[in-house]
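Visitor: I am new to this structure. Please show me how to read its features.

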Amino acid sequence: MTSPEARVPKVPPTHPPKTPPPQRKPVEAPRPQPAAKPKEVAVRAHPRMVVRNRRTAALAFRADRWAAGKAARQAVETVRGWGYAGAHEEDLEQSVRVLVGAAVADGGKRLSVHLGDQEGKILVAVLSHVLGAPGDGVLTQVAALAATCAVGTDTGEDGRRMWAVLDTSPRRRPPAPGPTA
């Protein structure tokens, strides 16, 4: 037996079938990609400190009252490791203590000490990472040390930088007093 639906002839619908709506934007062909992107040249408003072709070390510290002692000890150990054992370690330690103390006084949360060597001289650069005013006697104290060749300070995007260059050559001993004629 067949079903009653099978006996009824199929009649086409009286309305047209549903079609999808037209696209709002016409389809766009993919854009060709360049083979190589052109290099962009970065231009800085202020020159950055760059150290090349020498041994360097970067030491980071929290800006607290113990930072000066920690930085001085680590700086002396680093310079000894470079082969400058005993070369004016007291002056190196004192200069790091003074510069780090000034950076702590700037009021930032952190500071960094950067060391470099070249041709028998040691560069000690301390960055406070905040804009600070140079202390009155900071550079004078460091310049008064016997091994100091040069000192300076400047301010950049990364905060205040204070630096000193120390000579590692042996100190000349004063001539021994001889008999006067």
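Guide: A word on the source. This is a predicted model, where local features need pLDDT of at least 70, side-chain atom pairs count only at pLDDT 80 or more, and totals for chains, interfaces and linings use all residues. Residues are numbered from 1 along each chain as its sequence is written, and side-chain values use heavy atoms, with hydrogens and water left out.

Visitor: At what angle do helix α2 and helix α3 pack?

Guide: First, the terms. Helices (H or I, at least four residues) and strands (E, at least two) are DSSP runs, numbered from the N terminus. Axes are lines fitted to C-alpha atoms, for helices over the stretch in contact, and angles run from 0 to 180 degrees between N-to-C directions. Here, α2 (residues 67-81) and α3 (residues 89-105) pack at about 140°, with axes 8 Å apart. The two helices are therefore oblique to each other. Under 35 degrees counts as roughly parallel, over 145 as roughly antiparallel, 65 to 115 as roughly perpendicular, and the rest as oblique.

Visitor: Which residues of α2 and α3 make the contact?

Guide: Contact means heavy atoms within 4.5 Å. From α2 come A67, A68, G69, A71, A72, A75, V76, V79 and R80. From α3 come E89, L92, E93, V96, R97, V100, G101 and V104. By class, the contact has eleven nonpolar, two polar and four charged residues. Ala, Val, Leu, Ile, Met, Phe, Trp, Tyr, Cys and Pro count as nonpolar, Asp, Glu, Lys and Arg as charged, and the others, Gly among them, as polar.

Visitor: Which residues of α2 are buried, and what do they pack against?

Guide: Buried means under 20% relative accessible area, exposed over 50%, partly exposed in between (1.4 Å probe, protein chains only). In α2 the buried set includes A71, A75, T78 and V79. The buried residues of α2 pack against β1 (56-62), α3, β2 (110-118) and β3 (121-127). For α3, the cover includes α2, β2, β3, α4 (138-143) and β5 (159-167).

Visitor: Is S95 buried or exposed?

Guide: S95 sits in helix α3. Its relative accessible area is 0%, so S95 is buried. Beyond its neighbours within four places in sequence, S95 touches V142, L145 and L166. S95 and L166 are 71 residues apart in sequence, yet 9.0 Å apart in space, C-alpha to C-alpha.

Visitor: Where is L59, and what is L59 in contact with?

Guide: L59 lies in strand β1. At 12% relative accessibility, L59 is buried. Leaving aside neighbours within four places in sequence, L59 contacts Q74, A75, L111, S112, V113 and L115.
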